[in-house]
Amino acid sequence: MPIVPTQQVVIPMLKAQRGLVGSCVFGIVLMGTQAYAQVKQDPLLSFQLSGADGAEPYSIGIKILVLLTVLSLAPALLTLLTSFTRLVIVLGLLRQAMGTMHAPPNQVVIGMALFMTMFIMMPVWEEIRVQAINPYIEQHVDEEVAMERALTPIREFMMRQVREKDLTLFVEMAQLQDLDGPNDVPLHVLIPAFVTSELRTAFQIGFLIYVPFLVIDMIVASILMSMGMMLLPPVMISLPFKLVLFVLADGWFLIVGSLMKSFQ
């Protein structure tokens with residue numbers, strides 16, 4: 001079989017603002033469902049490049065390059081485009097407020113934040129699967145349309161959580177004037193505004209968590225000073241009281257429930 005020369009390869013230019021992010025978001029969700037969608041009995045790896053005869057527009061090398069790009073950007077997308085940022089910061093501040101520096105360990109905190117993120121983002125991912133991935137696997141839409149449909153639920157989720165003040169800041173810094181509505185905000189403006197809002201909300205929740213534990217530390221420190229026990233660290237005495245207070249108040253139930261409700 002003759003191979004079309006590489007000089008005749010036509011590589012379409014991706015859009016500057018949302019092409020790369022759209023490919024990454026769509027590729028992450030697509031990798032989980034595309035494995036069982038291929039039902040060919042004898043798969044064939046083709047290295048034919050595109051040319052003037054109407055062959056496929058992408059070669060296998062370009063597809064591998066896009067896949068590697070998706071895999072390299074997957075941690076950043078999981079951290080910045082979902083609820084993971086708020087969850088992991090609040091859980092980390094809770095551990096510091098209690099004074100248990102290594103309990104729960106980092107693996108438990110990050111794992112809990114990941115599974116809570118999956119629970120919160122499941123409706124968004126299900127909408128992406130129904131509206132973008134399934135039509136693309138069934139070859140009802142092309143890649144560009146599928147990426148646009150995959151970005152829509154992500155954009156709606158971020159728009160529900162972002163503060164208007166933060167979004168206005170980045171819109172003004174980007175000098176965007178002709179915006180008819182939220183759907184016209186480009187992703188390179190929406191994503192940093194969303195992350196800024198998540199950081200602010202996470203530290204607000206962390207401050208509210210810190211206050212009761214700080215009061216216990218102050219009370220224990222005052223009692224120790226009045227007894228003349230200057231050399232005894234107050235943290236050693238206050239830690240059991242903080243643990244008892246946290247358990248009696250059913251702290252994990254309250255914090256997890258409040259975090260879940262904060263995204264509704």
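**Exercise 1.** Which side chain meets that of Glu-198 in a salt bridge?

*Solution.* The structure is a predicted model, in which local features need pLDDT of at least 70, side-chain atom pairs count only at pLDDT 80 or more, and totals for chains, interfaces and linings use all residues. Residues are numbered from 1 along each chain as its sequence is written, and side-chain values use heavy atoms, with hydrogens and water left out.

Step 1. Apply the criterion: a side-chain nitrogen of Lys or Arg within 4 Å of a carboxyl oxygen of Asp or Glu.

Step 2. Arg-86 is the partner of Glu-198, with an N to O distance of 2.6 Å. Since Glu-198 belongs to helix α7 and Arg-86 to helix α3, the pair ties together parts 112 residues apart in sequence. Helices are DSSP runs (H or I, at least four residues), numbered from the N terminus.

Step 3. Both Glu-198 and Arg-86 are buried, where buried means under 20% relative accessible area, exposed over 50% and partly exposed in between (1.4 Å probe, protein chains only).

**Exercise 2.** Determine where the buried residues of helix α9 lie around its axis.

*Solution.* Step 1. In α9 (residues 251-261), the buried residues are Gly-251, Ile-255, Leu-259 and Met-260. Viewed down the axis, they fall within an arc of 155°, so they line one face of the helix. The arc is taken from the directions from the helix axis to the C-beta atoms.

Step 2. Phe-253 and Lys-261, on the other side of α9, are exposed.

Step 3. The cover over the buried residues includes α3 (84-98), α4 (106-137), α7 (187-226) and α8 (234-248), with contact meaning heavy atoms within 4.5 Å.

Definitions and conventions: Helices (H or I, at least four residues) and strands (E, at least two) are DSSP runs, numbered from the N terminus.
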